[in-house]
Each structure stands twice: as structure tokens, then as C-alpha cells.
Amino acid sequence: MMAQYLALKQQAGDCLLFYRMGDFFELFFDDAKIAAQVLDIALTSRGEHGGAPIPMCGVPVHSAEGYLARLIKAGCRVAIAEQVETPEEAKKRGGSKALVARDIVRFVTAGTLTEEALLEPRRANVLAAVCEVRGAIGIAACDISTGRMELEECAPDEMGAALARLGASEVVAPESWENAPIDCVSRPNRSFGSDEGETRLKAVHGVSTLDGFGQFSRAMLAAAGGLVAYLDHVGRGALPLILPPVAREAGTHMAMDEATRSSLEILVSSSGTRRGSLVEAIDRCVTGAGARLLAEDLSAPLTDTRAINRRLELVSWLHDDPLLRGDIRGILRSLPDVGRALGRVVAGRGSPRDLGQLRDGLSEARRLHDVLRARSDRPGPLDEMLPSLSGHGALCDLYARALVPAPPTERSQGGYIAEGYDAALDELRRVSGNARRAIAALEAKYRDDTGVAALKIRHNGVLGYFIEVPARHADRLMAPESGFTHRQTMAGAVRFNALALHEEASRIAESGGHALAAEEAHFEDLVGHAVRAKEAIAATAAALARIDVAAGQAERAAEGGWALPRVVDEPCLEITGGRHPVVEAALAAKGERFVANDCCLHPQDRLWLVGGPNMGGKSTFLRQNALIVLLAQAGGFVPAQAATIGLVDRLFSRVGASDNLARGRSTFMVEMVETAAILSQATERSFVILDEVGRGTSTYDGLSLAWAVAEAIHSINRCRCLFATHYHELSRLAEACDSLSLHHVRAREWKGDLVLLHELAEGPADKSYGLAVARLAGVPAPVIKRAKSVLEKLEKGRAATGGLAAGLDDLPLFAAAIEAAEEKVDALRERLNGLDIDSLSPREALDLLYQLKAQANG
């Protein structure tokens, strides 16, 4: 057995091996140690290997899904080794001592889950493959629980943002690729060939050309090849549901890097959970599929005005009709997850319950279709979706006739095919039922014949049906002419068989076995109908999800008094009475009111410097405007009285930073990396929020960096930007930068206490109130008093010397400063490039070094 295990373990590689032994999956050696620690189960041992006991642990087969979920969540990958022959087949093959053959039937990984118990209903489970072809990055992404597949191509420096948008549970990449994402699964390079990818996609969809699905680049096809090859590997040749690929065009979605997504807490809050995130504050969907689509919308806001307005048209229509919205949400609330049920069925892991979910879901889709079709004022996007909600009448009728009203999750015991669907099956069930009644009649007859009232006919998996009597009555049945045959003697009872009982038991077994086989054949036939209609069913699931998102967005807007945004192509941002949706919800839960603020950016006033005390609301103001832009371009209402949103191609948020010790980066280094990305990538159509740039280093360094960054944003990137800072000296930038204006969050001191008003006002902040905030935070009074005396001393020194910003008025603007620096550098470079270093003597080299130093110093 151990030789068989070790051979399978070699195939499993770095996966934990679940080795089937009877009713348990057993793990051995290091796999057992890891599993015992993660699952908190007992670690035991058996036998010896290499002179040492073999560590082992096990989990019951019937409850394996729960243990698998915990292992996957802990970052493990699992290989399932099942018995692939029966003990009888093993005996025929190799005699009585032959070991039952086992093989790995499936790999369970984070990105390849389809089981309902292992998936989060409101979160997509994306598997991504990424590779590089001729300087372009190809990305293939698929949620195999629903089959949706997308292909895209991007530049190498945009790969991180694309993967951050996908939020993949698992990423696969070529094994020899130096720039592969961290923590990816390495796969053979040959899997990522573009020709191989094209061939695999054609085979999956049974077509001779992919032209009907769209135009795909070589990089896209290579990534698709790697993805399908990995799915083929983990499924051991059985592919899951894969719908025709869709090409995602570059530039059709707002770009956001990982730092921006993290700081805006779009799908996950700073605590690492959904609670406190934007999606939790927005989500009013009543189906899991709708919630997953909403999360996708928020992760990838649109950059096409027409597409955005089409989404808004449907949301607005549902917002204006509360009664219709309530009816729609009532129908949707009763829907099963059609997309994921279809995914399990097509993957060969479906159950009778999944077929029942398809029946019920498609029937309710038709009912929703009839409700919506009765309306004459339907918006255009809804008209386009209506055909997808119908067209499954024949399939629904078949499933309604074939399945019981509530099919079971297991099909091994039968009982899921409805009575009347198959007359032969009904007869087999009748025979089986009659035989059982005959068993009861036999039991009564044997009691009368033997005079033993305690006689019972029992059944177990080893003996089948047998007669059992207490040991004190056994002699009556032991008599040669009794008609009973002794089977087994127990401590207090004796078991017998009889010819009539044997015949009835055979009838039960035969009819029951035939009934199970008939039900299994019907199940496969019903699955075949679903597989043949998989694309139409998937389209219905997608339409239901989109309607749920629109209805949920409308419900959230009505609930919070949100406004329909106007999305335009001009570089502006006009928000009246804007609020932060997450903070507002948190305050409302405590019975407090959120203070709304306006924001108005346009080409002549596109950079706002925002000052004021900590805790005054600067960061909240910055974030709320970024979130309003995101919500509008995702196709929903926004938390404001009114909003006009000029399309944003890229959204950048550098608000709060923490160190990244795993990559050897300090807090300040992380801040500078994020700032560098903004300065190199932001365009005139971008929107940037920056909070306290430069605070992580010395005062002079920090001020100089903040000054230079603000100048660059204003004069080079020329994007819309909100820039929060504590450096009062930056207010001087307003004198030289025409499109920069000064603002601050208001605060007042009243009888020694700081009152934060959370209101935004024009003009620079008069002071930072740092000591007052420290007092609010509970810093001891002696420390506050000492800080106050130090502050007075510093302010006197600043007044005497002109302060930190002394002399900054004489600085040239950003572009002029760069040109001056470049002129010096270029002169030195030209002289260095003209040198023949090999011909210089040591003395000449030293003299030249002095000359170059003097030239550098001017």
C-alpha cells in the first residue's frame, strides 16, 4: 500500500494527497503534519518507513468538503486519490491479496472550486493565467463556477493593475518567466504557446475558427492555452464549464492599481474583510450572482459614456418605480444560483438538486420576463435582455416532469426521478415496495410458525436480510426440519436464513438495483439536455444578475437619497453635497449625521490644496470624491445632491501607507513608489487624490518633495487632483500655479477644546491644531504642556528666519528648474562621452576629475 501511496504522492507534487481508504481520506508523512495543524485534528502514526513511524491523520469522506474548504483557505492545494476499481475487480485481477487500484481523480485548488460548500455565494472565484509574448502581456481569466472567460492584453507595466482588478484566487504562469507574479503557480512553458491556445479553444468549443468569438492577439491566445491546459491538468482530463471567450478591449475600463484599490477599500476593508468596504455599503442585491456582478462593476468602472449611460438608464427606470422594483426583487429573491448550478452540472459534479435549481431558476426567469414585457415604457437595455429570460420552456417542462419537487443533493440512493415519468421505473419501485411488504408478512408468518414472538427480520450490509431470535429460542430454529439455516451466533442472539426470505431479498436487491440504474441513466440524459443548452442558460443567468444589480443600485439610491450622475467627456468634476457612503452608513448606525461637502474641479481650477487639522475630515473628503467618480462610472447613483462627472481614465489614490516588510520597503518607500507611479502614469483625464505626501521623512525633505510633486501634478500631468497637506508653506504655490486653489477643513477652539466642523472652506488653514488633536487622543497633560513650550520656541525661530519656506519665492517653476538641471547634466555628459579613458595617464585622470568637479559646481 505504501508503495502505491508514494507513487501517487509523486504525481501530486506540492499538493496534499487525500488517499481514499474505505470511508476515510488518509494523509501521511509531511502532508499529515500540515493537515493536522491546519485542521486541528489528531496526528497519529502507523507502521514504519525508513525505521521511523509514519505520521498520519484522516478525515471522513462524507464530511471532506468542510475540511477541504479550510485547507484551501489556508493556501494549500489538494490532490484527491480515489479507488478506481471495486474489491471484486481487484481480486479478479490479482487474487485475494490484490490491492485495490487508486488514482488521482482531481486536484482541488483555490481557483478551480465548483462545490457550493467551498465557494462564497457573493464573491466570484477567478482563475487567471498570465504570460508574456513579444513584449505584450496576455491575461486569461475564468470563473469556472459559472464558465465566464475573458482574454485581454496589456503592457508589462499595466499587468499589476490588471491582476488587481481581477482579484484572482489563483494565478498560473510559465515556469521560467522572470517577471511572473508573486505566489503564482508555475506551469510548463509549452502550455503557453499561442498556437496551442488557439487549438485548445477550438477543441473546447467544437469550432474550426475563433472568428465568431472575436479577434484575439497572440498574447491572449497564449494565456488562454495556459489556462485551459491547467484546468485539464487539475481535472485529470475532465474540463469544467468554459463559455466562449470574450476579448476585453484596452482602455474600456478605468485603470486602478493595487494601492488605489486598497486605500479606497473597494471590495475589502483595511481589516481584510468585506465588512466596512465600499461593496458592503452599496450591495443591495438579493442574489449571489448579482452581488458578484456588482463587485465586478466596482472593480472595473467603465470609460465609455454610452455604456455608462445605458446602465444608468436601467437603474433610473427602476429607481422611479418603487412598486415594480419591489416586484422584481421579490421574484429575484426566490431564485437559485443558476450560473453556478450549471457550472457544477457541466463539470460532471452536479447533483439532482442542481438540475432542480436549473428548473426552478429558468421557470422564474420566464415569470420575470412576463412581468417586464407587460411594461410599455421599458428602457432599451432591458429590451435587449428580455429574450435571454425566456426560451427554456421545453427544458423546464422536461425537468418538471422528470424530477421530484425537491430533489436530493445525493443521487446514490435514488428517489429523485418523479413518479409517472418512466413506467418501467415505476414498476421496479412497485416490485421493490411489494417485496418489502412481503418481508413484513414473512416476519409475521415465521413468528406464528415458530411461536417466537421476539423473532425479527433484519438487514445489514454484510449479511443482507436475515432472521434473528434471542439465543434462548435458537433451538427451535436449529432443528433439521425447521426450514431455517444457521448463519451467525452473537452474544445474545442467533441469526438464520430461510429459502423464502432469500428469494424475497433477491427480488428486492434486483429491483432496487435496476431502479437505481434506471434513475442514473435518466440523470445522465437530463444532464445532457442542460449541457447542450449551456450557453443559452448562461445568458439567462447573466441577464438575471444584471437586472439584480440595477434593482439593487436603485434600491440603495432610494434608501440613501442618492443622485443620478451626469457623465460627460469634459475634464471636470462638479459634486454638490457629496458624502462618503461607508462613513455615512457608519455614522447613521450611531445616530449621527454626515457633513456633506462640495467639490468643483475644472481646467482653470483642477488642483485643490486642502489643509486643516487631523481628524478634520481631509482624508474622508478626498476618498468620497474618488468613490463618487468610481460609482458613477460603474453605472450607479452617487451619494450627493447632484454630480457631473468628467470621464476619468485612471484613478489614483495615495491615502495612507503602511510598510511592506516582505518586500523590504519602509512606509516612506511605499509612499514614494506609489507617488512615482502617479507621476509617471497620470494623464490629463485622470483623477488623483494625494494625502500628506512627504510626511514619512524629515521636515525639509518632506516639504521639498510635497512642493515638487504638487508642481509636477499641476504643470506636467495636468490632471484633476485633491492634495491634502499639513505643510502651510505649500500655500505659496497658489501664487505661481494658475490652476491651483487653496481650501481647508474648518475647526474651532472653544474654551480649550477643539471643535471639528468637517466643513470645507476656501483659503488656507490658519493653523494645524496638532496639540489640540493630541489632547483629544488622550496624550498626558504634561506632555502637551511641554510640546506647547517647544512649539512656541520653534515658531519664534521661524519668524526670525523666514520659516521653512524662506527663499522659495525665488525658485523657478517646475519646468524651468528641470531645464536648468538638464543643461548642467548634459554638458558633463557630453564631455564624459568624448573621453578616451584608456589613453589617460593616472595624473591626467586625476586632473580631469578636479576639472569635472569644478564644472559640476558651476
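**Helix packing and side-chain pairs**

Reply: On the α16 side, L395, L398, Y399 and A402 meet L526, V527, H529 and A530 of α19, where contact means heavy atoms within 4.5 Å. Sorted by class, this contact has 7 nonpolar residues, 1 polar residue and no charged residues (nonpolar: Ala, Val, Leu, Ile, Met, Phe, Trp, Tyr, Cys and Pro; charged: Asp, Glu, Lys and Arg; polar: the others, Gly among them).

The model is predicted, with local features needing pLDDT of at least 70 and side-chain atom pairs counting only at pLDDT 80 or more, while totals for chains, interfaces and linings use all residues. Residues are numbered from 1 along each chain as its sequence is written, and side-chain values use heavy atoms, with hydrogens and water left out.

α16 spans residues 393–402, and helix α19 covers residues 499–532. Helices (H or I, at least four residues) and strands (E, at least two) are DSSP runs, numbered from the N terminus. The axes of α16 and α19 come within 11 Å and cross at roughly 160 degrees (axes are lines fitted to C-alpha atoms, for helices over the stretch in contact; angles run from 0 to 180 degrees between N-to-C directions). α16 and α19 are therefore roughly antiparallel to each other (over 145 degrees; under 35 is roughly parallel, 65 to 115 roughly perpendicular, the rest oblique). Their crossing is left-handed, meaning that the near helix is turned anticlockwise from the far one by less than a right angle, clockwise being right-handed.

Helix α23 (residues 667–681) packs on helix α24 (residues 699–717) at an angle of about 15 degrees, and their axes are 11 Å apart. That angle makes α23 roughly parallel to α24. The crossing of α23 and α24 is left-handed. From α23, the residues F668, M672, T675, I678 and L679 meet L705, V709, A712, I713 and N717 of α24. In this contact 8 residues are nonpolar and 2 are polar, and none is charged.

Salt bridges come next. The structure holds 51 of them, each a side-chain nitrogen of Lys or Arg within 4 Å of a carboxyl oxygen of Asp or Glu. In one of these, E150 pairs with R248, and the closest N and O atoms are 2.8 Å apart. E150 sits in strand β9 (residues 148–154) and R248 in the loop between β12 (246–247) and α8 (258–264), so the bridge ties together parts that are 98 residues apart in sequence. E150 is buried, at 13% relative accessible area (buried is under 20%, exposed over 50%, partly exposed in between; 1.4 Å probe, protein chains only). R248 also counts as buried, at 10%.

R375 and D321 form another salt bridge, at 2.7 Å from N to O. R375 belongs to the loop between α14 (352–373) and α15 (380–385), and D321 to the loop between α11 (305–319) and α12 (322–333), so this pair joins parts that are 54 residues apart in sequence. R375 is partly exposed at 23% relative accessibility, whereas D321 is buried at 17%.

R458 and E468 also form a salt bridge, with 3.1 Å between the closest N and O atoms. R458 lies in strand β13 (residues 456–460) and E468 in strand β14 (residues 464–470), so the bridge links parts that are 10 residues apart in sequence. R458 is partly exposed, at 36% relative accessibility, and E468 is buried, at 14%. Elsewhere, salt bridges with shared partners join E116, R344, R353 and D354 into one network.

R353 returns in the surroundings of T409. The loop between α16 and α17 (423–450) holds T409. Neighbours within four places in sequence aside, T409 is in contact with S351, P352 and R353. Between T409 and R306 there are 44 Å from C-alpha to C-alpha, and 103 residues in sequence.

N625 is part of helix α22 (residues 618–633) and is buried, at 0% relative accessibility. N625 touches I575, C599, F687 and L722, not counting residues up to four places away in sequence. G160, in helix α5 (residues 159–166), is partly exposed with a relative accessible area of 42%. The C-alpha atom of G160 is 80 Å from that of H473, a residue 313 residues away along the chain.
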